[in-house]
Amino acid sequence: MRWLVIILIFSVLGVGYLVVQSGQNAQKLGKIQNQVSTLQSQLNKEKRDAIKSLQGVKRSLHLHMAESSIEDAVRDILDQNYGQADSAIQSARDNIKKAHREKGNQKNLSDADKLLGLSLEQARNLDPKTVSTLNEADRDIRKEIAGTSNQ
């Protein structure tokens, strides 16, 4: 009988200890869940920032590629390579359209696209004003690049 009482006492103490441990484990689990939630929100914020940064880099790349294509078109026109100038102007227009998609509708890019369309027609008609029109489009793109770097 005495052994039975001792076993019963130790059983009660063991059950009590397990109840306390489970309460502490529940608190630890709650803290861990809070930490995971905090980390998850931080990761989501960093993901949004990274995506925004990547879009800015892509946009800047398209603007610089458009600028480079315009420079190639000017050289081609001066060298009287009108076919190559035509494709360089078209490439610049394509890059401007891609830059538009990255960040809304900007006036400088709209103006540059219109000027490139005009210069494309001028180049096809061998108009001597083509280089001047291309330089104006290049200025608009440079304004947009400068405006982007200030943000």
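Tutor: Start with confidence, since this is a predicted model. The protein chain has an average pLDDT of 87, and 95% of the residues score at least 70. Confidence is highest in helix α1, with a mean of 90. It is lowest in helix α4 (residues 130–149), at 86. Let us look at α1.

Helix α1 covers residues 2–78, which is 77 residues. From its first C-alpha to its last it reaches 112 Å, close to the expected 114 Å. After α1 comes Gln80, with a positive phi near 60°.

Now find what is buried. The buried residues of α1 include Arg59, His62, Leu63, Ala66, Ile70, Ala73, Val74 and Ile77.

Take His62, which sits in α1. It counts as buried because its relative accessible area is 13%, and the cut-off is under 20%. Beyond its neighbours within four places in sequence, His62 is in contact with Asn95, Lys98 and Ala99. With Asn95 there is a polar contact, side chain to side chain, at 3.4 Å.

Next, Ile70. The largest nonpolar core has 23 residues, and Ile70 is among those touching the most other members, along with Ile89, Ile96, Leu116, Leu134 and Ile141. Helices α1, α2 (82–102), α3 (107–124) and α4 each supply at least two residues of this core. Follow Ile141: leaving aside neighbours within four places in sequence, its contacts are Leu63, Ala66, Glu67, Ile70, Ile96 and Ala112.

Terms used: Residues are numbered from 1 along each chain as its sequence is written. This is a predicted model: local features need pLDDT of at least 70, side-chain atom pairs count only at pLDDT 80 or more; totals for chains, interfaces and linings use all residues. Side-chain values use heavy atoms; hydrogens and water are left out. Helices (H or I, at least four residues) and strands (E, at least two) are DSSP runs, numbered from the N terminus. The expected span of a helix is 1.5 Å times one less than its number of residues. Buried means under 20% relative accessible area, exposed over 50%, partly exposed in between (1.4 Å probe, protein chains only). A polar contact is a pair of N or O atoms within 3.5 Å; within protein, one must be able to donate a hydrogen and the other to accept it, and residues adjacent in sequence count only if both atoms are side-chain atoms. Contact means heavy atoms within 4.5 Å. pLDDT is the predictor's confidence in each residue, from 0 to 100. A nonpolar core is a set of buried Ala, Val, Leu, Ile, Met, Phe, Trp, Tyr and Cys residues joined through side-chain atoms within 4.5 Å.
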